[in-house]
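Open the model in your viewer and keep the selection panel at hand. Each stop below says what to pick and what is there.

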Amino acid sequence: MPWTKIYGNKADFEKAGGAGAGLRGLTYREALHEAASQLLESDQNVFVMGEGVDDGGGVFGSTLNLHKRFGSDRVMDTPLAENALTGIAIGAAASGMRPILVHMRIDFMPLTMDQIINHAAKWSYMFGGAVSVPLTIRSIIGRGWGSAAQHSQSLQSLFANIPGLKVVMPSTPYDAKGLLRASVYDGNPVMFIEHRWLYEHMGHVPIEPYTVPIGKSITRRNGKDVTIAAVSQMVFEAMQAAELLAADGIDCEVIDLRTIRPLDSDAVIESVTKTGALIVADTGWASCGIGAELAARLVERAHGALKAPLKRINFADCPTPASPALEKAYYPDRHTIAAAVRETFELKRSNG
Amino acid sequence: MPISVIGKMEVKRLQVINEQGQADASLISLLPDSIYNKFFETITLARLYNQRALSLQREGRLGTYASILGQEASQIGSALAFDPSDWIIPSFRESGVLIAMGYPMRLLYRYWMGDERGMSCPEGLNILPMCVPVGSQLTHSVGVGMGIKHKGEKKAVAVYFGDGASSRGDFHEGLNLAGVFKLPVVFLCQNNQWAISVPRSAQSAGATIAERAFSYGFEGIQVDGNDVAAVYKATKDAVDKAKAGGGPTLIECFTYRLDDHTTSDDATRYRSRDEVEAWKAREPLIRLKLFMEKKGLWSKAYEDEVIKKASDAVDAAIKEAEAMSPPDAADMIRFTNKELTLRQKRELEELEG
């Protein structure tokens, strides 16, 4: 499928053939914008709210000028009050609306934990299934913007621990558009986590509305030697690593998890049963993270599948630094992944 | 002039029936006679429900319980001003509100016995589950109000919270945004003077809670919370205003929690017997009965009949609650998400054996 391909920017996209043949290219940012625009157009119950959704930046362009088209009561700028806005969105969702709440940085979300964990995640259960909270919360993670400990975190695992929530992390423009629509119509509270570094990535995106199933991973690259399970921006890094490794004759399978709760561990286990080796590349910390959960499930369900120790690629176990020098040391990239794969591949070979 | 006055605040307090049962003639004529019987019968029912809940707790037949004794006028007077289709967002001490709205008592008992199904709101009512985290529900009411406004419905939202919640950020954020968006929300502060062991005087240096509405750009009023007619009148005005597009109102019901915070608390450790006795003399039923008697709406025989009917209803509700079979263990998985995750499906299969 053309839209499963990953292009880091417009130039790469065009080099690979670009649009044409009835296909159209959009950036991740444009895909998010189009998804919101189509939802607002077709469903009066959908509205977008958040601080700065109508300003000149428009949440890094993803909501730019939507208020001009749909009115400021459907694309609402709000005072800064994260917990209240989340509570309001929950109340609106419980009364039949389908709000899309935007927090520009995931680092603001700890202020909303009471509302998300004690309320949004619980109401379906507390009401015996009678009331649901169809709420989508967009938030953005990033790296390398020097904003450090309180502005560059990657907190997806906090949410993935909570029953009642769903957590999606699209890595391509196609998935960004399709998963946003799926989140709005999922019927559960969905944490929709974007990566700022993906905003300029370009890919094929159909013009008509569509959904991408929540809870399903996708295999971005087939391979026989080592499985790399990755999320968000690390999927792109994993694909680049796979290219580097292919030159050395190491054939990687890359699985884009796309959703981390529910986690499509079956696909990963199936792949590892074939390759015998697993690297998990996450955008956040290791402890109780995506890699830990995948490792546990692998051991629970297919403990003999591994022919070499599993490796996790994560942030170092310390807060995110501000200094560019420290950032360079802090963030794993394609080379970190490639080095881990090489080591694993060698161990697997020597273990016979 | 270097300094000029650019704003003035007026804090109003409403009382319709005083502690001696005398009513303000101009105000009382605004309410129909039939409403007083409704007040009396609902308060009697809620009080009996409450009394039995406390007994059941002591007998080990019900879990930790939050008594409403003393606050019945604030709860019932306000709730009766709403229509069944309006939205009610309660804290955990609003059993009286729910009873006034027609919520089945068997479900309330079941809830306090420890059963999620007790908060499964019946068709025809829009009541969110009792909010146990203090004050979180204030923002939900703003969201529900936003939904009503988006859909163009003629409905109002009641949100209940205590004096303790008024110190939380949710109070400020909720009221502020309700004012900004001019939403149909009635904020009903049940100022019962004690947030567990913290007295109202330690909660805020402000003289009233009602006056805070001033800074959010809408009206706030304090009512004698033990005067059911005053609570009803102030709430009805706020509901009518909300439905006419006039935006939110803050009503501070000035009342008193006569019992412990919950059955797990011992209030004698932090407040004096004299204080409690003084408030007992001001409890809502005394003045309501005096007033109704003068109007020829109350007699001993009438009261006996009301108590008998209420008592039968409470007995039946307890019987039904205790006869309910325990929930199916699989329910805990079943209702967590709208559709089950693969892992939940596997866990459900295990539970279903």
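Start with α2(B) and α13(B), whose crossing is right-handed (a crossing is right-handed if the near helix is turned clockwise from the far one by less than a right angle, left-handed if anticlockwise). This is a predicted model, so local features need pLDDT of at least 70 and side-chain atom pairs count only at pLDDT 80 or more, while totals for chains, interfaces and linings use all residues. Residues are numbered from 1 along each chain as its sequence is written, chains are lettered from A and ligands numbered from 1 in the order in which they are written, and side-chain values use heavy atoms, with hydrogens and water left out.

Select residues 34-58 of chain B for α2 and residues 300-323 for α13. Helices are DSSP runs of H or I, at least four residues, and strands are runs of E, at least two, numbered from the N terminus. The two axes come within 9 Å and cross at roughly 45 degrees. Axes are lines fitted to C-alpha atoms, for helices over the stretch in contact, and angles run from 0 to 180 degrees between N-to-C directions. That angle makes α2(B) oblique to α13(B) (under 35 degrees counts as roughly parallel, over 145 as roughly antiparallel, 65 to 115 as roughly perpendicular, the rest as oblique).

Now show side chains. On α2(B), the contacting residues include B:Phe40, B:Leu45, B:Leu48 and B:Arg52. On α13(B), they include B:Tyr302, B:Val306, B:Ile307 and B:Ile318. Contact means heavy atoms within 4.5 Å. By class, this contact has 12 nonpolar, 3 polar and 5 charged residues (Ala, Val, Leu, Ile, Met, Phe, Trp, Tyr, Cys and Pro count as nonpolar, Asp, Glu, Lys and Arg as charged, the others, Gly among them, as polar).

Stay on α2 of chain B and pick B:Arg47. Its side chain meets that of B:Glu283 in a salt bridge, 2.7 Å from N to O (a side-chain nitrogen of Lys or Arg within 4 Å of a carboxyl oxygen of Asp or Glu). B:Glu283 sits in the loop between α11 (273-280) and α12 (284-294), and the partners are 236 residues apart.

Next, α3 (72-79) and α10 (228-243) of chain B. Their axes come within 8 Å and cross at roughly 35 degrees. This crossing is right-handed. B:Ala73, B:Ser74, B:Gly77 and B:Ser78 meet B:Val228, B:Val231, B:Tyr232 and B:Thr235. The contact has 4 nonpolar, 4 polar and no charged residues.

Now show both chains. In this interface, 36 residues of chain B contact 47 of chain A. The buried area is about 3,300 Å², with 62% from carbon and sulfur atoms (buried area is the accessible area, 1.4 Å probe, that two parts lose on being put together, summed over both). Select B:His140, B:His150 and B:Phe335: in chain B they lose the most area to chain A, together 17% of what that side buries. Which residue forms a salt bridge with B:Arg346? A:Asp266 does, with the closest N and O atoms 2.8 Å apart.

Finish in chain A. Pick A:Pro262, in the loop between β12 (259-261) and α10 (265-275). A cis peptide bond joins A:Arg261 to A:Pro262, with omega about -5 degrees. Then go to the loop between β2 (46-50) and α3 (66-70), where A:Phe60 is found. A:Phe60 has a positive phi of about 55 degrees. A:Asn65 lies in the loop between β2 and α3 too, and its phi is near 65 degrees.
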